[in-house]
Amino acid sequence: MASSKHPSFVWWRGERVAWDDATVHVTDLGWSTVGAVFEGIRGYWDDRSEQLYVFRLDEHLERLVSSCRLVRLPLRYSAAELREATLELIRANDSREDTYIRPMVYLADTSGKRGAQIEQNAEVLINTNTMPSHLQTGMAQRVCVSSWTRISDNVMPPRAKNFSNYRNGQLATMEARLDGYDSAIMLNDRRQVSELPGACLMMVHRGKLITPDPQQSILESITRDALIRLAREELGIEVVERAIDRTELYVADEIFSCGTAAEITPIVDVDHYQVGDGVKGPITTRLEQVFHDVLRGREQRYAHWRTPVHAAVAVGV
Ligand code: PMP
């Protein structure tokens, strides 16, 4: 690390670049980001093995490739090249703490150009920053159902991690915070539960885990997929993917949001309806424990979800 404020390097335009040298001309701002897509990936540090484990790196890069395809951005690196670049960058930055990794593909050389630019040059920036996990810290949220509707498939593609999509969630978050809530649950254009800004939603009712299916204008979340599998395989819980009505939230036993940044965040109040006992529920607690152990490599199964970054430390010498 160059300083506590930022890491030493980014990966940009095909090579490792020193932080201070990674600059663009101010006239490039504007159209460059309206057309950009990105990924948010986490690496989890484990003190015991002195290792940083990147969670589901390949799945994130696959989604980046498919986001590019959806918005017609010509990506000039393969997923394998981006994988290597990402790992090399984390090593160069000597990241030995919980780390967030953001690969971003954006329109290059847009100064003076307007509108839809098919086959425009696209460039890639990968940067990392420290992001401590909040799992098992007791964090919980009180939320409202937003007056803003979640973008729908024929408006802005919810299944792409498209920067422009995020204005929708920002409006919902700003409204929620000004009204005294921590965050918001957004309904889709059919008035069914979709997701939160930047996170998917899961609820527990009568012992079942229920989550909106991929046709509810959700981002197909990699965390959601992992938790569905862990709930079924490790906790033996029935998981149902289906449309959820707003009022089901008000009678749910447990609710939590999930995502790379959100991890598992318990929701203890929706529109001033207390959820369950108003604290993190028992199924959420069990799922959080197994998820934590998988992320930090304390659970040997699911090793295919973890990419160790640093050279293995010799044991017993
Ligand atoms: N929805 C949106 C809009 C998101 O930005 C995210 C975070 N990537 C999620 C859901 C959760 O997805 P994931 O688990 O893949 O991070």
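In the predicted model, the side chain of K161 places an N or O atom 2.7 Å from a nitrogen atom of the ligand. A polar contact is a pair of N or O atoms within 3.5 Å. The side chain of E195 also has an N or O atom 3.0 Å from a ligand nitrogen. The backbone contributes through I222, where an N or O atom lies 2.8 Å from a ligand oxygen. The protein covers 95% of the 380 Å² of accessible area that the ligand has on its own (Shrake-Rupley method, 1.4 Å probe).

The shell around the ligand holds 13 residues, each with a heavy atom within 4 Å of it. K161, Y166, S221, T223 and T260 come nearest. By class, five shell residues are nonpolar, five are polar and three are charged. Asp, Glu, Lys and Arg count as charged, and Gly counts as polar.

The protein is divided into domain 1 (9-130) and domain 2 (141-300), with bounds from an automatic or database domain assignment. Their C-alpha centres lie 26 Å apart. The contact (heavy atoms within 4.5 Å) takes 26 residues from domain 1 and 24 residues from domain 2.

Residues are numbered from 1 along each chain as its sequence is written, and side-chain values use heavy atoms, without hydrogens and water. Local features need pLDDT of at least 70 and side-chain atom pairs pLDDT 80 or more, while totals for chains, interfaces and linings use all residues.

Key: A polar contact is a pair of N or O atoms within 3.5 Å; within protein, one must be able to donate a hydrogen and the other to accept it, and residues adjacent in sequence count only if both atoms are side-chain atoms.
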